Amino acid sequence: MRLSRYFLPVLKETPAEAQIVSHRLMLRAGLVRQHAAGIYNWLPLGHRVLRKVEQIVREEQDRAGAIEMLMPTVQTADVWRESGRYDDYGREMLRIVDRHDREMLYGPTHEEVITDVFRSMVRSYKDLPKTLYQIQWKFRDEVRPRFGVMRGREFLMKDAYSFDLDEAAARRAYNRMFVAYLRTFDRLGVRAIPMRAATGPIGGNLSHEFLILADTGESGVFVHRDLLNMQIPDAVDFDGDLQPLVDSWTGPYAATDEMHAPALEASLGENLVSARGIEVGHIFYFGTKYSAPMGCRVAGPDGQDIVLHMGSYGIGVSRLVGAIIESSHDENGIIWPESVAPFRVALINIKPGDPSVDAVADALYADLRNAGVDVLYDDRADERAGAKFATADLIGLPWHVTVGPKGVAAGYVELKCRRTGEKRDVSVESVLSHLTSV
Ligand code: ATP
Ligand code: MG
């Protein structure tokens, strides 16, 4: 993409309304623009990142055996009355009346809708187990939307729902999601730690929140030091027994401030890390909470009625864009992990209009594109070199290739790694091989 033709409205000033670094950087780098409190436009550069995050989430859900679908954003109040949550949900639910005076709502979550689909379409125990998921916008009328996309009112969530015949099978579904989450967050370039979470009236111990450690996180967290460096599982057999793997992650102490046990923590001594965290995922087994009142059951092998055991599993896809920035930036801007970078390479022409510089930069642009490398080509004629470097740093592309008159005369360009700041001169011919070997 040529920057001269792109839509990248970077801001020079730091927006006053942004309290945390990721929000400031998202506004300054032209990733999002607020439409109304907690409701955002995703501008082209931000949209590319959002799509990359979404795609990694999708690939890991698929790998774990979950099946993608899409449910409506607007739901009827009826199913929520059946589950008993319509009145309880309170003012966070955006309630709408249609032209026929039917009560509708903009979905804050989809347990009722998926349960309604499942009960009417699945009849036999032979159809189980199943885990279905979607990546869909939600609306929650948060009292205090803040921190940009981290606590929005409209936000993108991956939500999965598992259906099983009994608790033991539901636990296997839970474990598959648990492990899928470890892999997902690792691929996104962040370390998210599973922590014991409150299970509400259902009880049991099957609820974990996944949190990224960051000073600006909304939750206080207490974790055993070992969890900071645990090995992320690589080749996982999702059909095998995942319990030992899950146990190895849930053994060391980790809890949020809502759940923590000070006496246990005291016994950890030096090994206790107390910090703040951002919740990016939440997995939850809740048994028959929705399936019982909503009549979601199947016929068992002997024709008996089996009320299904369910779990639900969320990932904050849009929140993750902010959370990744919280954990990966410096004083000059964002430092995108390669896996989610909106473009891999910033190609910077510091003297557009100089024929020899243009020739090299244009040729590199064509070569990189032909090789399938996502490249943003700063060919703008009206910006100084300093401003171009500042933009490349601010928007955080992993690799910067700078083409200028001095280098071109000698046959080289400068290659910079955004993360380490390391710069080196490389020959024009070798740029591609450098970028494909790193
Ligand atoms: P929180 O405690 O942060 O309000 P929650 O526990 O209400 O979140 P869940 O119902 O568990 O949220 O939703 C699943 C995921 O969706 C959360 O782990 C979080 O990453 C994301 N999420 C929830 N609320 C918001 C929001 N207002 N803006 C952006 N992402 C959100
Ligand atoms: Mg939660």
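How many residues of domain 1 are in contact with how many residues of domain 2? In this predicted model, local features need pLDDT of at least 70 and side-chain atom pairs count only at pLDDT 80 or more, while totals for chains, interfaces and linings use all residues. Residues are numbered from 1 along each chain as its sequence is written, chains are lettered from A and ligands numbered from 1 in the order written, and side-chain values use heavy atoms, with hydrogens and water left out.

The protein chain splits into domain 1 (3–334) and domain 2 (345–437), with bounds taken from an automatic or database domain assignment. Their C-alpha centres sit 38 Å apart. As for the contact count, 16 residues of domain 1 meet 13 residues of domain 2, where contact means heavy atoms within 4.5 Å.

Together the two domains bury about 1,200 Å², 56% of it on carbon and sulfur atoms; this is the accessible area (1.4 Å probe) lost on putting the two parts together, summed over both. On the domain 1 side, Leu 3, Asn 332 and Ile 334 give up the most area, together 41% of what that side buries.

Turning to charges, three salt bridges are counted between the domains (a side-chain nitrogen of Lys or Arg within 4 Å of a carboxyl oxygen of Asp or Glu). The side chains of Asp 330 and Arg 418 pair up in a salt bridge at 2.8 Å, N to O. Helix 2 (44–63) is one of the elements supplying at least two residues to the domain 1 face, and this helix gives the most, with three residues; helices here are DSSP runs (H or I, at least four residues), numbered from the N terminus.
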